[in-house]
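Please look over the sequence and the structure below before reading on.

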Amino acid sequence: MTGNRDHGKNVRRVLRQLTGPIFAPTFIYAIGTGALAPMIVLAALELGFTESLASAVVGVNGLVGVISAPIVGSILISRSEKKAMIFATTMAVLALTGMFVALLWANTGWAQPIYVLGIVVLAISANVWSLARQSYVSLSVPPLFRARAMATFGGMFRLGNLIGPALGSAVVTLWAIGAVFILHISTALIAIGLVLVFALPQPRMLAVSPSHSTAASASAPAANNDPFERPHWMPPPRETIDLPASVTVGISIVALSLARANRNILIPLWGNALGLEPETISLTWAIAAVVDVVMFYPSGALMDRYGRRAVLVPTLGMMGIAFALLPLTSTPVTFVLGACLVGFGNGFGSGIMMTTGADLAPDHNKAKFLGYWNGVSQLGATVGPFLASWLTAHWSLTVAIWVTAAIGVVSSIWTFIAMPWAYARLGMNTRGTRLIERL
C-alpha cells in the first residue's frame, strides 16, 4: 500500500511540474486549433473549392506535416526551444491573418492560393508546438507513468477541442466563419506568453527519488550519457533505432492518424450533406469533444497499467465501427450521436502516438527520432484526406466514410497481433518497462 501511495505521489508531482511550461500553453493554443478545425473545410467551400477539392486542401496539412516534422526534430536538437516557439507562433499569426484576408476577398484570384499557403505554414508551426513539448516529456518522464503524462499532454489538445468549437460556433453565429481565424490568433499569442513566463528546466527524469536512484545504481549502473541512474525496471539503453519494431508499430499509428484526419473532414462534410448549418456542425464538434476529452486520463492509466496495446486496439476498432455507422444517420440527433461515438473512440487513444514514439525512441538523439516519428504518424493525415477526396469525387462521400471504417477495423486486428512482438525486440513489454518485469 505504501508503494502505491508513493507511486501516486510521484505521478501527481510530475503532472504538477509539467503544468505551467507544458500543459497550460498547449491547452490555450489548442482552443484556437479546436475552433478552426471544423471550419477549415467549410471555409474552403466558401472560397469556391468543391467538396473533393476541399478535402484535398485539408490533406495539404498532413503532407506538410510529414515533410517538416523530421526537419523540425533535427533543428530542436541544436536550437533553443523558446526561440523555436516564438518563431513558430509568428508564422502561425501571419498564416492565420493571410487566411482571414483571403476570406474577406474570396472572389479574387489570389484568395485560394493564399488560403492553401496559410494551411502549409500552420502545419509547420503546429509541428514545432507539438514536437518541442513532446521531446521534453519523453526525456523527463520515466516509463512507469509516461503514458499518463503523454495522455495528459494529449488531453490538453482535447480540452482545446472541447472549448474551441463551442467558441467557434459562437463567433461564427455572431459574425462569420472568418472570425475563428481571429480567435486562433488570440490564443496563439496568449500561449506563447505562457511559454515565455514558465521556462522549462533542463530535461531530467522527474520523480525519480534519490533513494530510488541510489538503489537502482547498485544493480544497474547508469549508461553512458544517461542524465540519471537507471532504475531496474527501465528497458536497456539503446543508441540506435530498431527499424522493424518502428515500422510494425508505425503501421498502426498511420492508420490511427488517417482515421483522425478523416474525422476532421468527413463529419463536417456529412453534416453539410444533411443540410446542417455551419454553427450546428461546430456545436456538434464541441459535444463530441466532451465525450473525447473525458477519456484522456483513463487512457493514460490503462496504458501504464495494462500496456499500449490495451488502448490502441480498442481505439482503432471503435473508430472503425463508429465511421461505419455514420452514413446511417439522417437527422441532427443521430448525426450528433454518430459524431460522439467517433469522439469516444478517438479519446480512448489519447496520447498513444506520443507514448509509443517515446517508447521506441533511442536514448541518443530522441528529438530527431521523434521528428521522424511525427512525420510517419502524419502519413495517415496526408493520405486520409486525399483518399477521401478521390473516393468522394469518383464514388460518393458514403464510400469514403466506409473505407475509413474498414481501415480502422483491419488495423485494430494488426495491432493486436503484431505489437507485442515489436516491443519484445526492444527488451520491453507493451507497458514500456523491462520485458522480464511483472509489476
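Helices (H or I, at least four residues) and strands (E, at least two) are DSSP runs, numbered from the N terminus. By that rule the protein chain has 16 helices and zero strands. This is a predicted model, in which local features need pLDDT of at least 70, side-chain atom pairs count only at pLDDT 80 or more, and totals for chains, interfaces and linings use all residues. Residues are numbered from 1 along each chain as its sequence is written, and side-chain values use heavy atoms, with hydrogens and water left out.

A residue is called buried under 20% relative accessible area, exposed over 50%, and partly exposed in between (1.4 Å probe, protein chains only). Of the 439 residues of the protein chain, 58% count as buried. Two residues are in contact when they have heavy atoms within 4.5 Å. Among contacts between residues at least 6 apart in sequence, 84% join residues at least 24 apart.

Two helices can be checked for length. The expected span of a helix is 1.5 Å times one less than its number of residues. Helix α6 (residues 179–197) has 19 residues and so should span 27 Å; its end C-alpha atoms are 28 Å apart, which agrees. Among the buried residues of α6 are F181, L183, H184 and I185. Buried residues in α11 include V311, L312, T315 and F323. The buried residues of α11 pack against α8 (243–273), α10 (296–306), α12 (332–348), α13 and α16 (397–425).

Next, how do α5 and α13 pack? Helix α5 (residues 146–174) and helix α13 (residues 352–360) pack at an angle of about 140°, with their axes 8 Å apart. Axes are lines fitted to C-alpha atoms, for helices over the stretch in contact, and angles run from 0 to 180 degrees between N-to-C directions. Angles under 35 degrees count as roughly parallel, over 145 as roughly antiparallel, 65 to 115 as roughly perpendicular and the rest as oblique. α5 and α13 are therefore oblique to each other. In this contact R146, A147, M150, F153 and G154 of α5 meet M354, T355, A358 and D359 of α13.

A92 counts as buried because its relative accessibility is 0%. Leaving aside neighbours within four places in sequence, A92 is in contact with Y29, L122 and S125.
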